Amino acid sequence: MSLSLYILGAGGSYPPPGYAGPSLLVEAPDYRLLLDCGDSCAARLEEAGFDPCDVDAVYVSHRHADHWSGLVQLLSSRGARGCPRLEVIAHRNVAVELLRLLEPLVPGNAEVSPRILGDEEPLRPGVLEASLFRVRHQVPTYGVSIREGGEGLLAYTADTAYDEGLAESLRGHLVVVADSTLPPSGESERAAMFHMSVRQAWRLAVEHAGADSVVAFHLSPESLEYARRSRLPGLLVPGEGLKMTL
Ligand SMILES: [Zn+2]
């Protein structure tokens, strides 16, 4: 199976100029999955050459609005084009609150079909070999591991603090897309309880988990500036619209 990864938005809750909110499109044969759908994800999807109806499902890592606010636009454009119901996937510790927040915002002409996962439950049996792992954030949050034949292709940390215990979940993946919100000066502040710096993301993914590459993700203007200056081996600093084939 060849898997394509499109970085639709690599920005965090206040993205750098020109960046959209956090959103990754994973394209497998006959299946397209969005990992989070931050602000402007519908527009970025079309800029990458996809129709809103092309998305089969959206996985939402946690209830913070910057990870799903783009769903409102995506559902509107799907409703206008008569796309089928959109499957919205979340862990059960995330889903109840997420659906409560989302329900009043779903446009009248669109429908969602929730898929609520328990611990150890695969994300989409038979289509993608994908599973969730808990990370360390302010609210219940789950990263995603995508494998093929036991080989790790892609791991997405979603929002997380630095925790060497996560290396087990990230180990052996070709690419890790990792929270890189904080500038180096933020590593010792309160924010470091909930997010990582570029340096911490690199240390966790490359040094501890042995990934070939780490994509700096959920960037702030400050962390993007640091990431562009740093010369860490294996660190990828995405421009918007970056496509990778795994
Ligand atoms: Zn968050």
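**Ground rules**

I number residues from 1 along each chain as its sequence is written, and side-chain values use heavy atoms, with hydrogens and water left out. Because the model is predicted, local features need pLDDT of at least 70 and side-chain atom pairs count only at pLDDT 80 or more, while totals for chains, interfaces and linings use all residues.

**Entry 1: the zinc ion**

I looked up which protein atoms hold the zinc ion. They are His62 (NE2), His64 (ND1), His137 (NE2) and Asp159 (OD), at 2.2 to 2.3 Å. A donor is an N, O or S atom within 2.8 Å of the metal (3.2 Å for Na, K and Ca); water is not among the atoms, so sites may look incomplete.

Along the chain, the donors follow the spacing H-x1-H-x72-H-x21-D. His64 sits in the loop between β4 (57–59) and α2 (70–81), and Asp159 in the loop between β9 (151–156) and α4 (167–170). These two are 95 residues apart. I take helices (H or I, at least four residues) and strands (E, at least two) as DSSP runs, numbered from the N terminus.

Why is the arrangement irregular? The 4 donor atoms subtend angles of 91 to 169° around the zinc ion. Four donors count as tetrahedral if all angles lie between 85 and 135 degrees; four count as square planar and six as octahedral if opposite donors are over 155 degrees apart and all others between 65 and 115; anything else is irregular.

Is Asp159 buried or exposed? It counts as buried, because its relative accessibility is 2%. Buried means under 20% relative accessible area, exposed over 50%, and partly exposed in between (1.4 Å probe, protein chains only).

**Entry 2: aromatic pairs**

I searched the whole structure and found 2 aromatic pairs. Rings of Phe, Tyr and Trp (its six-membered ring) pair if their centres lie within 6.5 Å; planes under 30 degrees apart are stacked, over 60 edge-to-face, and the rest tilted.

The ring centres of Tyr6 and Phe50 are 5.1 Å apart with planes at 90°, so this pair is edge-to-face. Tyr6 is in strand β1 (residues 4–9), and Phe50 is in the loop between α1 (41–47) and β4. Both Tyr6 and Phe50 are buried.

Tyr156 and Phe217 are also edge-to-face, at 5.6 Å centre to centre and 90° between the planes. Tyr156 is in strand β9 and Phe217 in strand β11 (residues 213–217), 61 residues apart. Tyr156 counts as buried at 1% relative accessibility, and Phe217 is buried at 1% too.

**Entry 3: salt bridges**

I counted 10 salt bridges. The rule asks for a side-chain nitrogen of Lys or Arg within 4 Å of a carboxyl oxygen of Asp or Glu.

Asp119 pairs with Arg92, with the closest N and O atoms 3.6 Å apart. Asp119 lies in the loop between β6 (112–117) and β7 (129–134) and Arg92 in helix α3 (residues 92–102), so the bridge ties together parts 27 residues apart in sequence. Asp119 is partly exposed at 47%, as is Arg92 at 45%.

Glu187 pairs with Arg199, with the closest N and O atoms 3.2 Å apart. Glu187 is in the loop between β10 (173–179) and α5 (198–208), and Arg199 is in helix α5.

I also noted a network of salt bridges that links Glu46, Asp51 and Arg81.
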